[in-house]
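Subject: Structure handover

Hi,

Here is the structure I promised to pass on. Have a look at it, and then read my notes below.

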Amino acid sequence: MYIYQSAYLRICGSSYNIHDYDEPLKHLSNYSIQKHQTDNDDGLNFEYVMSTQDFIQKLNSEYPELPETGKYTWQTHFHSQIKDITLKVFQQMAEVMENKQSSFELFGLDFVIDQKLKCWLIEANMSPACAIRKGQEWLAHMTDDMADGMLNIVEEKIFKNMLDSKVPYCGRL
């Protein structure tokens, strides 16, 4: 199993209020819902997505007193939680998942971060959409890097299997 190091965050356009029944979907960060959001807190209509670097920078500037270590980092405060949860999920799924030889699957796991900065798994998706929208070149680079890393892992496994079975290897085009 390989867990990609980076991520992106979907942001809600308006603050959630448990007593506000007029907008029942405003707490959902799904692009299909947020793209119609016009009454956001800052009065802007934009792609509600943020890189982990931007998130950490914002977190450190708005809450500098919180971490005992001085600064938040994605790896220390969030990726470690995501990795632990992901491993537990797939350990539980191992009993019921079909293990097909010479195949792989890309999963996308969606998390929410609460006010205490704890990560919670919302859902896991097989073959997640990796569509890039206009103006998100950093996201295109991130998903390209993730896909390249995934293909390198698959290629190495294929190459090793071919060496073990002495089958010629043609390489990736």
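Predicted model: local features only at pLDDT ≥ 70, side-chain atom pairs only at ≥ 80, totals over all residues.

**The helix 2 pair**

Lys 58 and Glu 62 sit 4 residues apart in helix 2 (residues 52–62), so about one helical turn separates them. Helices here are DSSP runs of H or I with at least four residues, strands are runs of E with at least two, and both are numbered from the N terminus. The two side chains meet in a salt bridge, at 2.6 Å from N to O. The rule asks for a side-chain nitrogen of Lys or Arg within 4 Å of a carboxyl oxygen of Asp or Glu, and by it the count comes to 1 salt bridge. Lys 58 is partly exposed because its relative accessibility is 40%, and Glu 62 counts as partly exposed too, at 42%. (Buried is under 20% relative accessible area, exposed is over 50%, partly exposed lies in between, with a 1.4 Å probe and protein chains only.)

Residues are numbered from 1 along each chain as its sequence is written, and side-chain values use heavy atoms, leaving out hydrogens and water. The mean pLDDT (the predictor's confidence in each residue, from 0 to 100) is 79 for the protein, and 78% of the residues reach 70 or more.

**The hairpin and its patch**

Strand 3 (residues 107–113) pairs with strand 4 in the antiparallel sense over 7 bridges; pairing takes at least two DSSP bridges between the strands. They make a hairpin with 5 residues between them, and Leu 117 in the turn has a positive phi of about 65°. Ile 113 has Cys 119 in strand 4 as its bridge partner.

Trp 120 lies in strand 4 (residues 119–126) and is partly exposed, because its relative accessibility is 42%. With Val 112 and Ile 122, Trp 120 forms a nonpolar surface patch of about 300 Å² accessible area together. (Patches take residues with over 30% relative accessible area and no salt bridge, joining like charges within 9 Å and nonpolar side chains, Val, Leu, Ile, Met, Phe, Trp or Tyr, within 5 Å; areas come from the Shrake-Rupley method with a 1.4 Å probe, and for residues only the protein chains shown count as cover.)

**One more spot**

Ala 147 is in helix 4 (residues 137–165). The C-alpha atoms of Ala 147 and Cys 130 are 9.6 Å apart.

Cheers
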